[in-house]
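Hi,

Here is the structure I promised to pass on. Please open it first, then read my notes below.

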Amino acid sequence: MRDEFLPFALPSIDDAEIDEVADTLRSGWITTGPKTHEFARVFAARCKTAYAVPVNSCTAALHLSLLAAGVGPGDEVVTSPMTFCSTANVIVHTGATPVFADIDPETMNIDPVEIEMRITDRTKAIIPVHYAGQPCAMDKIMAIASKHGLRVIEDAAHAPFAEYKGRVLGGIGDATCFSFYATKNITTAEGGMLTTNDEQLYKTASTLSLHGLSDHAWDRYGESGSWYYQVHLAGFKYNMFDLQAAMGLKQLEKFDALQARRDAVAAAYNAAFTGHPALIAPVARGNVKHVWHLYPMRLRTGVLDIDRGAFIDELRLKNIGASVHFIPVHLHPFYQERYGFKAGDYPAAEGAYEGEVSLPIYPRMSEADVQDVIEAVLDICEKHG
Ligand SMILES: Cc1ncc(COP(=O)(O)O)c(C=O)c1O
């Protein structure tokens, strides 16, 4: 057994990020400014989109996307129950009603057939969530959206530079939202990005991201700037700042190397777990580039004499951190009390949740770390099979 605890996730920060952040601190411009603009420009280019709005979280990006797409009170927005609460919370913040559509049990992504079943004359938008880093069935989702005149806001918190049928995520739906939270594939500690090809959506989201001001501080305080500004919308304080962007720029430079390590860990896990009688290894569809933010392994029902919670406890005893993604949103008290959701409403999501164990998967893991995780998982299965 390993001597040291292996955390569930760790960021890949080295001197490159540290030096760039120090450079920003010394530069005299620490909030939204040149580095934030550069980070947005490089990120948009990599997503092959015309525009990007840098913000302080994916939650902010989702909120701004919905508002800029015209979602408001009286509307319904369809999303997956297999997501972090913020995907649904932002729908509530716009005054619209969240409507869940069950998942495809194999990929744990929202099932387009279930989406179509939930559409009413109040439906305004769909938020597909690219769970674990695997793109949703976007052709089918875009076809449903165009048939019913709906906007598509993609939650790509897990999926920077993932590809669907050879297209990088970012410009497929009306807007795409990314997270740079500490555990994510690219991190700025906290941060997010909204990408879009829709000029009007971009302008509205960008204005809303900083109080609704006509000009952001960097434009006002520069040599050619003016003290004068106007408030065009009642906006938010959602802007990314240069200390975050300094980290992000360096993370972008090494993205391909970081991704290669994630791919290698996923391949080692798949080789060890695929076909195991007690385990369901995650499946990557043939037509996508999966970016493996998570490795969502599942315990096959009724094979082991312990449940998922006890399995995670045993991993911890073996010094391996693990987690669960996600507690389906409709099972949380707020959603049950406000909207009347109950256990049993989304059987595929609940079934996936019951056996799901997210194993550590991040670039800093050594070969020995990966082998320790594999050995621990197989040992527990052997002991409890
Ligand atoms: C699927 C999903 N959507 C949205 C978010 C929110 O991201 P952020 O923490 O950047 O607001 C998360 C965060 O973990 C997430 O997992």
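Predicted model: local features only at pLDDT ≥ 70, side-chain atom pairs only at ≥ 80, totals over all residues.

**The sheet β10-β12-β13**

Three strands form an open sheet in the order β10-β12-β13, and their pairing is antiparallel. The edges belong to β10 (279-280) and β13 (356-359). Each has a single partner strand, so one side of each is left without a neighbour in the sheet. Two bridges link β10 to strand β12 (residues 295-299), again in the antiparallel sense.

β6 and β11 run antiparallel and are joined by two bridges. Y164 has V288 of β11 as its bridge partner.

One backbone detail belongs here. K165 lies in the loop between β6 and β7. K165 is not a glycine, yet its phi is positive, at about 45°.

**Two domains**

How is the chain divided into domains? The domain assignment gives domain 1 (15-253) and domain 2 (255-384). Their centres, taken over C-alpha atoms, are 26 Å apart. Across the boundary, 30 residues of domain 1 contact 27 residues of domain 2. On the domain 1 side, the elements that give two or more residues are α4 (85-94), β6 (163-164) and α9 (242-253). That side of domain 1 is made up of 18 nonpolar, seven polar and five charged residues.

**Helix packing: α3 with α4**

α4 also packs on a helix. Two packed helices are described by the angle between their axes and the distance between the axes. For helix α3 (residues 58-68) and α4, the axes come within 9 Å and cross at roughly 40°. α3 and α4 are therefore oblique to each other. Their crossing is right-handed.

Which residues meet? From α3 they are T59, L62, H63, L66 and L67. From α4 they are S86, T87, V90, I91, H93 and T94. This contact counts five nonpolar residues, six polar and no charged.

**Helix packing: α2 with α9**

α9 has a packing partner too. Helix α2 (residues 34-47) packs with α9 at an angle of about 35°, and their axes are 8 Å apart. Is the crossing of α2 and α9 left-handed or right-handed? α2 passes α9 in a left-handed crossing.

α2 brings K35, T36, E38, F39, V42 and F43 to the contact. They meet D242, A245, A246, G248, L249 and L252 in α9. By type, the residues of this contact are seven nonpolar, two polar and three charged.

**A cis peptide bond**

One last spot to look at. The peptide bond from H325 to F326 is cis, with omega near 0°. F326 sits in the loop between α11 (308-317) and α12 (333-339).

Best wishes

Key. Residues numbered from 1 in each chain as written. Domains from an automatic or database assignment. Contact = placed C-beta atoms within 7 Å. Helix = DSSP H or I, 4+ residues; strand = E, 2+ residues; numbered from the N terminus. Nonpolar A, V, L, I, M, F, W, Y, C, P; charged D, E, K, R; others polar. Pairing = 2+ DSSP bridges. Axes fitted to C-alpha atoms, helices over the stretch in contact; angles between N-to-C directions. Parallel < 35°, antiparallel > 145°, perpendicular 65-115°, else oblique. Left-handed = near helix turned anticlockwise from the far one by under 90°.
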